[in-house]
Amino acid sequence: MSAEETRQHILGMTQEALEQFFVQHHEKPFRGRQILQWMHQRFVPSFDEMTDLSKKLRLFIAEHFYYPSVEILRDQRSDDGTRKWLLKTSTGSAVEVVYIPEETRATLCVSSQVGCELNCQFCYTATQGFERNLSAHEIVSQLWFVNKTLTEENALLPEHLHSQLVTNVVFMGMGEPLRNLDSVIPAVQVMMNDYAYGLSKRRVTISTSGVVPGLERLAQETDVALALSLHAPDDQTRSQIIPLNKKYPLDVLLPAVVDYLDAHDRKMHVTLEYVMLNGVNDSEKHAYTLAKLVNRYFPGRAKVNLIPFNPFPTTKFESTSMEQIKKFAEIVRSKNNIITTVRKTRGQDILGACGQLAGDVLDKTRRRQQYLQKIQSINAAAS
Ligand code: SF4
């Protein structure tokens, strides 16, 4: 087989995989570390710019690996500084990535799949259906692209206008990461590698809607921070909005989350995400049940994050009023001082807030067509 036929995408390759590659080709393993730094920290525009490698070695690398490329399909900036890019990956799919700058950190919300098959009722991505899993290369390329872009922009700006490079990554974009662990795990390893992005385990968060077998595997292979899309404190309410709950109900799911925390560190916390849906999961009774659940399974080990719902076209849900959200938070907090925060909604003007991601450019699924038909019929009825 020729080198061209076995050419690989390089961004998703871990240090171990690169070192193995060089050893197999009678080169020193430290070449793997050099390549990681050139690719992920210096963002050189081609293999040929890797000047501490011999010309012969650079040619050899170019024969075996594709130089990464990402095409920008859309670039949006929100008034609050949030940026959203729709990217076409080297394998042709459209994925969205959202950059959220704050005072002391900059968070990148990455996607792990094109679309999603889990069909959570409050989620815009779910309207798109499922196309496929992203490769490790495509996941890492989201972070690579954003840091590269910001580095290039910063070089043209005075220092006080520089954007902070990504300090935190959350897997809360399109897709359920635990349904794509073959790609997510190596991607996370690259993100945490000191020769690449050097993010600590606390700064990479995987968010799941509750794929129990995935949690077990995740515990064996990594120790990143975990967020659970809980969204309801009882099975009846949760199954209404997260169909996966019928397969893994709370008395199966929550012990699996405890096992994940115990597998690593007694001090490890879980973030419980809770989208506030008017009249669905936001009553005082829900708040008391939630507090009870947290104290039963995660005493002193959970943070509850209440998220005002971000409406999108065709949704049947509305957000709970801020007054009710605050009341809900007070009830949860009052039980054993459960840490309870209300998430600031960011990037709403560009549909960049969580749950609003949808790659609508290259999608060809049936559910998307149905969704567009629905919008057309709504527009027709309104005109
Ligand atoms: S909330 Fe997450 S898991 Fe649920 S449909 Fe949306 S992307 Fe998929």
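**Helix packing, sheet and ligand shell**

Tutor: Helices α9 and α10 are roughly parallel to each other, because their axes cross at roughly 30° and angles under 35 degrees count as roughly parallel. This is a predicted model.

Student: What is the handedness of the crossing of α9 and α10, and which residues make the contact?

Tutor: Helix α9 spans residues 284-297 and helix α10 residues 322-334, and their axes come within 8 Å. The crossing is right-handed. From α9 the contact uses Glu284, Ala287, Tyr288, Leu290 and Ala291, and from α10 it uses Phe328, Ile331 and Val332.

Student: How do the residues of the contact of α9 with α10 divide by class?

Tutor: Glu284 belongs to the contact, and Glu counts as charged. The division is seven nonpolar, no polar and one charged.

Student: How are α1 and α2 oriented to each other?

Tutor: Helix α1 (residues 15-24) packs with helix α2 (residues 30-42) at about 130°, and the axes are 7 Å apart. Roughly antiparallel requires an angle over 145 degrees, and roughly perpendicular covers 65 to 115. The two helices, α1 and α2, are therefore oblique.

Student: Which residues make the contact of α1 with α2, and how do they divide by class?

Tutor: The crossing of these two helices, α1 and α2, is right-handed. Gln15, Leu18, Glu19 and Phe22 of α1 meet Arg31, Gly32, Arg33, Ile35 and Leu36 of α2. By class, these residues are four nonpolar, two polar and three charged.

Student: What is the orientation of α6 to α8, and how do the residues of their contact divide?

Tutor: The axes of α6 (residues 212-221) and α8 (residues 250-264) come within 9 Å and cross at roughly 5°, which makes α6 roughly parallel to α8. Val212, Leu215, Glu216, Leu218 and Ala219 of α6 form the contact with α8 residues Val252, Leu253, Ala256, Val257, Asp259, Tyr260 and Ala263. The contact divides into ten nonpolar, no polar and two charged residues.

Student: Which strands stand at the edges of the sheet?

Tutor: Ten strands form an open sheet with mixed pairing, in the order β3-β4-β5-β6-β9-β10-β11-β12-β13-β14. Each edge strand has a single partner, so one side of each is left without a neighbour in the sheet; these strands are β3 (71-77) and β14 (339-342).

Student: What is the average twist from one strand to the next, and which residue of β9 is the bridge partner of Cys109?

Tutor: The twist averages 20° from one strand to the next. Strands β6 (residues 106-109) and β9 (residues 168-171) pair in the parallel sense over three bridges. The partner of Cys109 in β9 is Val170.

Student: What angle does the direction of α4 make with that of β5?

Tutor: Helix α4 (residues 136-154) packs on the sheet and touches β4 (83-88), β5 (94-101), β6 and β9. Its direction makes with that of β5 an angle of about 45°.

Student: How does the shell around the ligand divide by class?

Tutor: The residues surrounding the ligand include Cys116, Cys120, Cys123, Met174, Glu176 and Ser229. Among these, Glu176 is of a type that counts as charged. The shell has six nonpolar, five polar and one charged residues.

Key:
Residues numbered from 1 in each chain as written. Predicted model: local features only at pLDDT ≥ 70, side-chain atom pairs only at ≥ 80, totals over all residues. Axes fitted to C-alpha atoms, helices over the stretch in contact; angles between N-to-C directions. Helix = DSSP H or I, 4+ residues; strand = E, 2+ residues; numbered from the N terminus. Left-handed = near helix turned anticlockwise from the far one by under 90°. Contact = placed C-beta atoms within 7 Å. Pairing = 2+ DSSP bridges. Near = placed C-beta within 6 Å.
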